[in-house]
Amino acid sequence: MAHAKKITLYVLTVFVLYTIIASPNRAAELVGVGFEGISSAAQAVGQFMTALVN
């Protein structure tokens with residue numbers, strides 16, 4: 001099991017590095033979309049907590 005996890009992590013790392021090297025503009029776009037999603041989720045949690053307090 002640990003060996004499979006190690007191989008999967010290695011393959012994922014190689015894929016991410018390849019994507020960044022092959023098309024850095026697209027990779028930057030995807031990172032921006034990811035941070036935008038995280039920001040939206042955090043904002044929604046904040047609104048939910050505010051609604052609970054009120």
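The model is predicted: local features need pLDDT of at least 70, side-chain atom pairs count only at pLDDT 80 or more, and totals for chains, interfaces and linings use all residues. Residues are numbered from 1 along each chain as its sequence is written, and side-chain values use heavy atoms, with hydrogens and water left out.

The protein has 2 helices and 0 strands. Both terms are DSSP runs, numbered from the N terminus: helices are H or I with at least four residues, strands are E with at least two.

The radius of gyration is 18 Å, whereas a compact globule of 54 residues would have one near 10 Å. That radius is taken over C-alpha atoms, and the globule rule is 2.2 Å times the number of residues to the power 0.38. The C-alpha trace spans about 50 × 35 × 5 Å along its principal axes.

Of the 54 residues, 2% are buried. Buried means under 20% relative accessible area, exposed over 50%, and partly exposed in between (1.4 Å probe, protein chains only). The accessible surface is about 5,000 Å² (Shrake-Rupley method, 1.4 Å probe). Carbon and sulfur atoms hold 73% of that surface.

The structure holds 1 salt bridge. The term requires a side-chain nitrogen of Lys or Arg within 4 Å of a carboxyl oxygen of Asp or Glu. Here the side chains of E29 and R26 meet at 3.0 Å, N to O. The two residues lie 3 residues apart in helix α2 (residues 24-53), so about one helical turn separates them.

| Residue | Relative accessibility | Class |
|---|---|---|
| E29 | 48% | partly exposed |
| R26 | 44% | partly exposed |
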